[in-house]
Amino acid sequence: MKKIGRLLAQTALFVSVWSKISAQDSLSNDQVPWYKNSFFYNIEVGTFKDSDQDGVGDFQGLTSKLGYLDSLGVDAIWLAPFYPSPREDDGYDVVDYYRVDPQYGTLADLQYFLQQAHQRNIRVITDVVLNHSSDKHPWFKASRSDANSPYRNWYVWQAKRPKDADQGMVFPGIQKETWTYDSIAKQYYFHRFYRFQPDLNYRNAEVQQEAFKILRFWLKKGMDGYRLDAVPFIIDVPETGSENPDRMIELVPQFRSIIKQEKSDALLLGEANLSPKENKDYFGINNSGMQMMFNFYVNQYLFYAFASKKIKPLVLAIKDTKEKPHTAQWAHFLRNHDEIDLGRLKEEQRNEVYRRFGPDTSMQLYNRGIRRRLAPILQDDKQIRLAYHLIFSLPGTPVLRYGEEIGMGDNLTLKERLAVRTPMQWSAEPNGGFTQAKTAFRPVIDKGPYAYEKVNVAAQLKNPGSLLNFIKETAKLRAQRPEIGLGEFEILATSSKYILAISYRYNDRSLLTLHNFSDQPQEFKIKGRWIKDKQLQLISGKSTKQSQDISLQGYGFAWYITEDR
């Protein structure tokens with residue numbers, strides 16, 4: 001009932017705000033943007049909870065944990081791929097887009113999970129991998145085996161090896177090329193990712209129609225939308241160059257149109273690590289494209305700020321990504337299922353992050369990133385809490401990776417990105433309570449400071465001061481402050497170079513968020529006349545205020561309700 005009340009309150013707020021939007025961005029009643037003020041939680045079915053003791057997580061296990069997710073304040077679940085796969089790329093190499101992998105359960109299990117989630121007013125979106133298939137998919141087998149097959153043109157083939165075949169890799173240092181010779185087809189096929197993931201050819205109208213069919217299919221089964229994997233690579237034209245190809249940007253609004261026809265409020269959340277200028281094309285005119293995009297640009301400067309305590313580049317990144325359509329939203333995150341991508345930082349900035357957070361080469365990946373979870377990276381409990389409080393405070397929608405709420409660690413002995421994809425740690429029972437099987441399909445962390453005996457949900461639920469309870473409280477407060485997700489914001493100057501101050505205003509509500517990136521206490525003023533006309537009421541964090549002076553402890557943070565005097 002509590003969640004229903006919160007949902008009704010949010011709906012009323014949404015109706016209010018949309019009545020004030022300009023005519024060109026106006027929305028009908030069936031387009032209320034539920035995602036703008038939600039809390040997203042990312043889950044891999046296989047690593048979350050095993051119900052049948054085979055060592056692999058499944059949909060029945062996930063369903064059994066919906067009460068936990070509800071208590072955490074989650075509004076939307078984002079699922080990793082659950083389709084049949086050889087799992088050479090952890091499920092992102094798909095062999096059948098229309099079935100549930102049997103190790104995760106049945107279609108009925110999935111639909112029961114969706115039904116139960118919806119009863120708790122939790123929406124569910126899933127990864128959809130449209131850029132490439134597995135090379136074991138029947139489509140590719142037919143494409144390579146017969147030059148006259150109708151599937152030949154479903155993939156990208158060339159008789160001669162392009163001159164730039166050794167460029168444009170998604171995984172540099174692991175991949176050697178993007179064009180690989182196939183001895184059966186006797187031609188080269190294009191693969192932006194691993195060689196076992198051939199790219200589909202979206203210049204082929206039949207491929208486009210198949211993608212539309214896939215999008216419709218899972219919405220009909222009860223999904224509420226998609227995280228669209230690797231968006232720029234779906235729409236690029238490889239023959240125009242591996243490094244900077246032409247792109248069929250017109251496909252993005254077509255994807256949006258298809259899902260809207262099937263379910264009016266279905267979401268497209270785009271994964272695209274782009275410059276601020278490029279992002280505008282993916283949101284589309286009047287938000288005709290992606291409703292949401294991950295803000296990789298801010299994420300990279302955020303980690304630079306954590307490492308260097310220099311917040312000016314972060315402030316510029318937030319300002320550079322401020323412009324977007326009214327109905328669009330940024331998704332802000334700390335860690336996801338991949339590496340922390342630092343590719344857009346300057347070399348000296350990236351090296352500073354490496355020195356602070358990934359000094360050993362075993363911690364680094366793809367010549368651009370760090371393959372660790374947040375708790376082992378930051379280590380300092382105060383800085384960890386600052387980071388999570390901040391992610392709920394940035395202008396957009398917060399996204400949390402499973403296990404981050406308890407400060408899970410990583411396993412650097414696992415291959416590449418699998419280091420941050422270990423099973424969820426539920427208790428101090430064997431295998432962290434993830435499975436009753438003798439062993440889990442992937443090792444549970446059982447050594448060191450992040451071992452499941454020391455870091456688990458059960459223990460933290462009993463501890464009022466735990467990270468888990470801190471994040472639950474922060475999520476609850478965030479749900480009560482719609483101005484962060486819906487309002488206008490302004491970054492305010494302060495007398496301290498370590499303080500990030502953001503002011504939000506939405507209708508008659510206003511909020512001031514403050515975060516100290518230094519490990520030392522800061523006493524500061526907000527510059528300009530802004531604070532002279534305001535009365536501040538503390539609602540989150542430990543902070544003191546005397547007249548116009550404000551102080552924050554090292555790595556401190558605070559939210560203030562602001563009112564005119």
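Contact here means heavy atoms within 4.5 Å.

## Basis of the model

This is a predicted model, in which local features need pLDDT of at least 70 and side-chain atom pairs count only at pLDDT 80 or more, whereas totals for chains, interfaces and linings use all residues. Residues are numbered from 1 along each chain as its sequence is written, and side-chain values use heavy atoms, with hydrogens and water left out.

## Residue I384

I384 lies in helix α15 (residues 381–391); helices are DSSP runs (H or I, at least four residues), numbered from the N terminus. With a relative accessible area of 7%, I384 is buried (under 20% relative accessible area, 1.4 Å probe, protein chains only).

Neighbours within four places in sequence aside, I384 is in contact with A375, L378, Q379 and L467. Its C-alpha atom is separated by 18 Å from that of G448, 64 residues apart along the chain.

## Nonpolar cores

A nonpolar core is a set of buried Ala, Val, Leu, Ile, Met, Phe, Trp, Tyr and Cys residues joined through side-chain atoms within 4.5 Å. The largest one has 131 residues, of which Y41, L79, F255 and F306 touch the most other members. Helix α11 (residues 296–308) gives the most to this core, with 9 residues. Apart from it lies another core, of 14 residues, including W34, Y35, W78 and A331.

Beyond its neighbours within four places in sequence, F306 is in contact with L334, F357, L378, Q383, L386, A387, L390 and F517.

## Crossing of α11 and α12

α11 passes helix α12 in a left-handed crossing (the near helix is turned anticlockwise from the far one by less than a right angle). The contact involves Y297, V298, Y301, L302, Y304 and A305 of α11, and P313, L314, A317, I318 and D320 of α12.

Key
Buried means under 20% relative accessible area, exposed over 50%, partly exposed in between (1.4 Å probe, protein chains only). Helices (H or I, at least four residues) and strands (E, at least two) are DSSP runs, numbered from the N terminus.
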